[in-house]
Amino acid sequence: MKSILVVGHGLAGAILAHTLIDRGINVTCVEGELKHTASRIAAGLINPFIGPKLNTPKDYNSSINANNEFFGRIRKQYNKQFLHSIDLVRIFQNPGQKERWHSLSPQYRKQELSSYDCKKHELLAQYGGGITRAYKLDST
């Protein structure tokens, strides 16, 4: 039987370990006690539009599809939903961001918010905002 060592048991390491185990591979995971890790910083948030330029990560669609498939199997195994679709509000910092948001995949853009709409929700947003479909991983 093959054996694999997975270094890091954050989100990526955990998914990799489970995937390998499902394929009949013996897996050992080791985890350092680091204060600043991607899993802790991201807090389970998976956002299709990142940074001030609202870039979409490479292969985002195929990654989300793989995550939905993986967590669908895990949900059945543990009878618990771990991956949730959520609405994420992006506050536009300038008119260019607003234009960029409109040019992005309509699959993830849900609704534009005017500056007035934002103010009703106590959000200071001179250029308005946009509601984006994102995902949240519940790791509790």
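Gln 97 is in contact (heavy atoms within 4.5 Å) with Pro 52, Leu 54, Arg 90, Ile 91 and Phe 92, leaving aside its neighbours within four places in sequence. This is a predicted model: local features need pLDDT of at least 70, side-chain atom pairs count only at pLDDT 80 or more, and totals for chains, interfaces and linings use all residues. Residues are numbered from 1 along each chain as its sequence is written, and side-chain values use heavy atoms, with hydrogens and water left out.

Gln 97 lies in helix H4 (residues 95-103). Helices are DSSP runs (H or I) of at least four residues, strands (E) of at least two, numbered from the N terminus. The side chain of Gln 97 reaches the backbone oxygen of Pro 52 at 2.9 Å.

Leu 5 sits in strand S1 (residues 3-7). Here are the two residues by relative accessible area. Buried means under 20%, exposed over 50%, partly exposed in between (1.4 Å probe, protein chains only).

| Residue | Relative accessible area | Class |
|---|---|---|
| Gln 97 | 5% | buried |
| Leu 5 | 53% | exposed |

Now the interior. A nonpolar core is a set of buried Ala, Val, Leu, Ile, Met, Phe, Trp, Tyr and Cys residues joined through side-chain atoms within 4.5 Å. The largest one has 17 residues, and Ile 46, Phe 49, Tyr 60, Phe 71, Leu 83 and Tyr 135 have the most contacts inside it. Helix H3 (60-78) and strand S6 (129-137) are the elements that give two or more residues to this core. H3 gives the most, with 5 residues.

Methods. A polar contact is a pair of N or O atoms within 3.5 Å; within protein, one must be able to donate a hydrogen and the other to accept it, and residues adjacent in sequence count only if both atoms are side-chain atoms.
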